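Work through these exercises with the sequence and the model side by side. Try each task before you read its solution.

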4 protein chains.
Amino acid sequence: MAFANSQGNRVAIIGATGYGGLQLVRLLTDHPKFKITFLGGERTAGKKWNEVIPFINLSDDLTIEPCNPERISQEADYAFLSLPNGVASQLVPHLIKNDIKVIDLSADYRFKSLDMWKSVYSTEAEKYARDDYQLCNSAIYGLPEFFASEIFKSNLVSCPGCFPTASLLSLIPFLRQGLIDNDGLIIDAKSGSSGGGRNPKEHLLLSECSESIMPYGVIGHRHTREIEELSSFFADANINLQFTPHLVPMVRGILTTVYGRLRDPGLTAEDCTTVLQAFFKDKTFIDVLPVGTYPSTKWVKNTNKALISVQVDKRNGRIVIMCVIDNLLKGQAGQAVQCLNIMAGYDEDIYLPKTNFYP
Amino acid sequence: MAFANSQGNRVAIIGATGYGGLQLVRLLTDHPKFKITFLGGERTAGKKWNEVIPFINLSDDLTIEPCNPERISQEADYAFLSLPNGVASQLVPHLIKNDIKVIDLSADYRFKSLDMWKSVYSTEAEKYARDDYQLCNSAIYGLPEFFASEIFKSNLVSCPGCFPTASLLSLIPFLRQGLIDNDGLIIDAKSGSSGGGRNPKEHLLLSECSESIMPYGVIGHRHTREIEELSSFFADANINLQFTPHLVPMVRGILTTVYGRLRDPGLTAEDCTTVLQAFFKDKTFIDVLPVGTYPSTKWVKNTNKALISVQVDKRNGRIVIMCVIDNLLKGQAGQAVQCLNIMAGYDEDIYLPKTNFYP
Amino acid sequence: MAFANSQGNRVAIIGATGYGGLQLVRLLTDHPKFKITFLGGERTAGKKWNEVIPFINLSDDLTIEPCNPERISQEADYAFLSLPNGVASQLVPHLIKNDIKVIDLSADYRFKSLDMWKSVYSTEAEKYARDDYQLCNSAIYGLPEFFASEIFKSNLVSCPGCFPTASLLSLIPFLRQGLIDNDGLIIDAKSGSSGGGRNPKEHLLLSECSESIMPYGVIGHRHTREIEELSSFFADANINLQFTPHLVPMVRGILTTVYGRLRDPGLTAEDCTTVLQAFFKDKTFIDVLPVGTYPSTKWVKNTNKALISVQVDKRNGRIVIMCVIDNLLKGQAGQAVQCLNIMAGYDEDIYLPKTNFYP
Amino acid sequence: MAFANSQGNRVAIIGATGYGGLQLVRLLTDHPKFKITFLGGERTAGKKWNEVIPFINLSDDLTIEPCNPERISQEADYAFLSLPNGVASQLVPHLIKNDIKVIDLSADYRFKSLDMWKSVYSTEAEKYARDDYQLCNSAIYGLPEFFASEIFKSNLVSCPGCFPTASLLSLIPFLRQGLIDNDGLIIDAKSGSSGGGRNPKEHLLLSECSESIMPYGVIGHRHTREIEELSSFFADANINLQFTPHLVPMVRGILTTVYGRLRDPGLTAEDCTTVLQAFFKDKTFIDVLPVGTYPSTKWVKNTNKALISVQVDKRNGRIVIMCVIDNLLKGQAGQAVQCLNIMAGYDEDIYLPKTNFYP
């Protein structure tokens, strides 16, 4: 596969050996419209990529470098940042100043208000000084199904968290059209262990999380505020909801089971399915399943797809919306490349996986 | 360990080689107060137990027999039935007539009203003719934390489904005391694959359900009616709730995450924890966790325990109650032996496991 | 992706909804040089593909048909048979007579001698009458790293079993050059559950094989004879070896750990690695790892690659050769498409996956 | 359960919150002949046990203490050391001097020769100064099936590694009686992730080791020398063998598949099974399976049992011996308690689990 070599398509991946970074390298290696020209990492700086990651071979074996913004700016037109919360904010202003287009996978630019970020990510806010109010306000939330035209014009895209992607794809079609109550929304979310990252932690050991399911961050998980922020925007009302994540003994995948109440209890599951189909009819990565077919995370593993199914309890007008995504692709790196495609003027879906190898 | 040999303590296990049966054999093998005298099974009838199940050795190696009620009545004082729904109802009236005390693990006697059973289990109702209205009405629901004294006097105990046990342990303390709204209750349940039984089915293959989580039976799962029946009884009101089970890639365990709304939004998570602790203070198998400690199914695996944790969203008075059990023990066979202990006049907890080997 | 439409590139997949068939459909859907024109299946005949398999969408939604050789011959130029052993032999002679090129994934044509097949597959031989001695003798063993030029000229390619592929890639380089003893070879093989197929069997349930490893078919597994046949051919001597498969709680992947004795005990692990590198230097799908890097099945999952590593015990000249493949791709369907590429005159590696999404 | 309170039965567990320690606490909590009087740990020192480990409740909630030998000597009669290699050797001499009986789970006293230890555990030998030659020489290897009478008289028992236990139970019956060649022995071992301990490491994350099998420590794993040492002792000859461990995606369990050559190729699998049965006839924890029944690690999970099966290739006199144990019980803590029982003059099997809950 021949790479285009002209300037304008050079990509830097910062945080390349974490799970998010690995997906980005993998996706862009096969993407003929872009060329990886810089790989950034702290722990592995100075080593050759192929030595560190023997299972993703780069023909043009780059050396992993420290995350110096000047070097990145020389080498790349676009920079993906797959860094811990707070760390990204120390790099982004420099990159933007140097005219690099940035796609940030951290939470640093997900809130329009930096003060809100400082309140939700208070630990990080103490550690990393920030006053980039302007940047926060101008950053675009990288959920292309809702913000494609803004992403096209943006130089700073802030990619959603993995849970918000699945939750918002489920909620927004109904909230925007006023079909469900704003009050009493519940998101019961289930995630594989890769959402916890590659940095070793006791509770993510196979010995610990295999043969186990447990809730965590009950009430007050940081993604709650992110989901509420976007939900409120689309509902044009202040939304306050429950979000409970659970750790599932599998590597990849997120399932969100969303519970709400229909404003018109006469709507059927078929009606609601039609609503979703109409809403997402041009969206390549979103499939709405027929009533009674419930999605498995396995069906979307290693793809950039989301599958959504909806069911209604006729007795009481309660609605259940189920959505599955691969947390590392549609929930993270795949969606980021989808944004890159849009920013560079391509169709959003080029060179992104839509089908996997089953089982 | 010497077995008592006098009559009165002889136990038959029907459906002994399924997962429920295997737990019963295992539990009663180590129980010095009872003696397994009859093992019933269809597919394996005629074979020696130790040959069929090389990993649970019976010193007194019984031959597995067909489920003949006369033979069972000759050999046993108590009969556990671990049979498909509908099949149990064809045996129970004979056994009761012969003065055998029956502990049934199927759904056949879980509703006071046989007509309700016929409506919920309509497929089975078509296949198996039943008019044992009286027996249905007199059967006791085998949840000892709520019905111990009735179980003690009963000759027919109908053990709860695995999901209802965890759900009801979470809901009843709050419903009975009127602390939560009867309306809008949501149970998001997660189960390991052993809940689907030992009979091979495609969706239970490791190749299929490993690396996957998916909902099933959304709206209308049969356990919904069972949970509503008991909830309504304790709330003294007609309760209509949402119940959504999910299949998790693990062998054993159930987690229910229950969502409700506090009537007094001023109650804190600590208050609610105190309510639970008071409610279950004499119940050996129920542990209420401190606020902020969330239970893993792994903590109760291979035990008859339930762990419950509660959390409250101060912003809106929403309550989240999390409960874990081992679906095959506290959710099935362990609870059945707990009932047996009570029926025979022993302490409910004797010779039932309270701690496991971790991890 | 535009499909070529001229005759000569039409492909039939028989047994399309099993695990082998699913991989073939997935691979050929993305392959611009071929077009799937026939999908055969017994259980699902008459149904539309997209309805049966909601997670692999065919734009040209075919109806699954019974396996009628005349229909297949009308519709296709190439036929993949992913059928139970014995069944394939009832179809192949008809297809060959009709000038269809056949790639068979069963064991039916893996032995040059039909009598050998009848002795190894005696159960199937009793059930299915065969006298296609000529076809057996002319069929080519579909291991392209060794038989590419024969495959190019063949109209009947018999693909290896999953275990033989990994075993032979490890053994042949050393046997052919006489570097290891022919005697005393041991293959300790480990396979994921998908090797047992999609047809539900008790021992393949997640409840049974999760948290478990066990040997099976110890001494006398049918793949032993297949490995010996090919090993003997390349060693030009009669080879008699040990092969022990084990079932591992994972979905995809095979690891073979092969033990032998170097004829020259002075050879080092580095020397042996050089031997392998030289042997496979033009083979796109085979990577030889540096000494001390041991392969994980996870590194090749969802790819058509094989990774090989070799180690030597200096104390005694013992050699250990480790090889990993994806049992459903390089061990089955991917290798079959590799053969198809060769038969049709293309580079063997076009449109076959070489990198996966990790983890 | 009433604890005996007199001196002589007080037990200290050092390293109590690691996986080995957790098993010891669990086993001894239920053991009426002993009383846990001291819990040692570094990271958790100063905390109450029940707070740190909410899922194993100690009625007598001890505070975890630093590993001070004087404190241990005051509080206990027996001390279990579940510490990293090298660390144990810094404590043991003090404890022995104070007349504490020690059961050490590290490798520090597994070799009669301290110099051998220094050569095999060279990294640890550099870090921890040792000259306890005498203690090494007098320590008894804690494999009770072979050394019960020595263990009874010993004040320092050095428990085997998990791999050596399964390997030696397979090899010794044949080596001691000269039934197999001393040369060419191969042990292909498979272990669950808990063998890697509770300390978080990247390769033990569920995200990494799930859906994967890989070899590690190929040629030169430290357990090789330990197995050779004991094998040589029983064969009365210098034995040099291959040992290759593999990491399997499961929590608990070890399977060793041992390959050898019968001296008398006329022996059948039945003959060899008889040899094993005779050899282990009084050993409660060892079950020899009938020919053709192959053991799963799942069958012994959470028990102190070992299951052994043997098969022979009639064509060439090759023998395959398969053994499964729970790596944390018979492979570690269970075996240690078995030793404790013996040291204290009880039957070796009291209060140790022989059956599990399946599946």
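**Exercise 1. Which residues lie on each face of β7(D), and are they buried or exposed?**

Solution. Start with the two faces. One side of β7(D) carries D:Ile186, D:Asp188 and D:Lys190. A residue counts as buried if 20 or more other C-beta atoms lie within 10 Å of its own, as exposed if 12 or fewer do, and as partly exposed in between; the C-beta atoms are placed from the backbone. Now take the strand as a whole. Six of the six residues of β7(D), residues 186–191, are buried, so the strand is largely enclosed by the rest of the structure. Strands (E, at least two residues) and helices (H or I, at least four) are DSSP runs, numbered from the N terminus.

A note on the model before you go on. It is predicted: local features need pLDDT of at least 70, side-chain atom pairs count only at pLDDT 80 or more, and totals for chains, interfaces and linings use all residues. Residues are numbered from 1 along each chain as its sequence is written, while chains are lettered from A and ligands numbered from 1 in the order in which they are written.

**Exercise 2. Which strands pair with β7(D), and in which sense, parallel or antiparallel?**

Solution. Two strands pair if DSSP finds at least two bridges between them. Take β9(D), residues 242–247. Six bridges link β7(D) with β9(D), in the parallel sense. Here D:Ile186 has D:Gln242 as its bridge partner. Next take β10(D), residues 254–261. β7(D) and β10(D) run antiparallel and are joined by six bridges. In this pair, D:Ser191 stands opposite D:Ile254.

**Exercise 3. What is the strand order of the open sheet of six strands in chain D?**

Solution. Read across the sheet: β2-β1-β3-β4-β6-β5, with parallel pairing. The edges are β2 (35–40) and β5 (140–141) of chain D, each of which pairs on one side only. Now look at one pair within the sheet. β4(D), residues 101–104, and β6(D), residues 156–158, share three bridges in the parallel sense. D:Asp104 has D:Ser158 of β6(D) as its bridge partner.

**Exercise 4. Where is C:Asn356, and which residues does it touch?**

Solution. Find the segment after α13 (333–343) of chain C; C:Asn356 is there. Then count its surroundings. With 20 other C-beta atoms within 10 Å, C:Asn356 is buried. Leave out residues up to four places away in sequence, and C:Asn356 touches C:Lys301, C:Asn302 and C:Thr303. Two residues are in contact if their C-beta atoms, placed from the backbone, lie within 7 Å. Last, compare sequence with space. C:Asn356 and C:Asn302 are 54 residues apart in sequence, yet 5.9 Å apart C-alpha to C-alpha.

**Exercise 5. How many helices and strands does chain A have, and which domains is it assigned?**

Solution. Count first: chain A has 13 helices and 13 strands. Its radius of gyration is 20 Å, close to the 21 Å from the globule rule for 359 residues, so chain A is as compact as a globular protein of that length. The radius is taken over C-alpha atoms, and the rule is 2.2 Å times the number of residues to the power 0.38.

Domain 1 covers 10–159 + 332–343, and domain 2 covers 162–325. These bounds come from an automatic or database domain assignment. The domain centres, taken over C-alpha atoms, are 25 Å apart. At the contact, 15 residues of domain 1 meet 17 residues of domain 2. On the domain 1 side, α8 (144–153) and α13 (333–343) of chain A each supply at least two residues. The largest share, three residues, comes from α13(A).

**Exercise 6. What rotation superposes chain A on chain B?**

Solution. The rotation is 180°, with 0.0 Å of shift along its axis and an RMSD of 0.0 Å. That is the relation of a two-fold axis. Among the residues of chain A, A:Pro249 comes closest to the axis, at 3.2 Å (C-alpha).

Turn to the contact itself. Chain A gives 40 residues and chain B gives 40 residues. 100% of the interface residues of chain A are also interface residues in chain B, so the copies meet through the same surface.

Definitions and conventions:
Least-squares fit on C-alpha atoms with pLDDT ≥ 70 in both.
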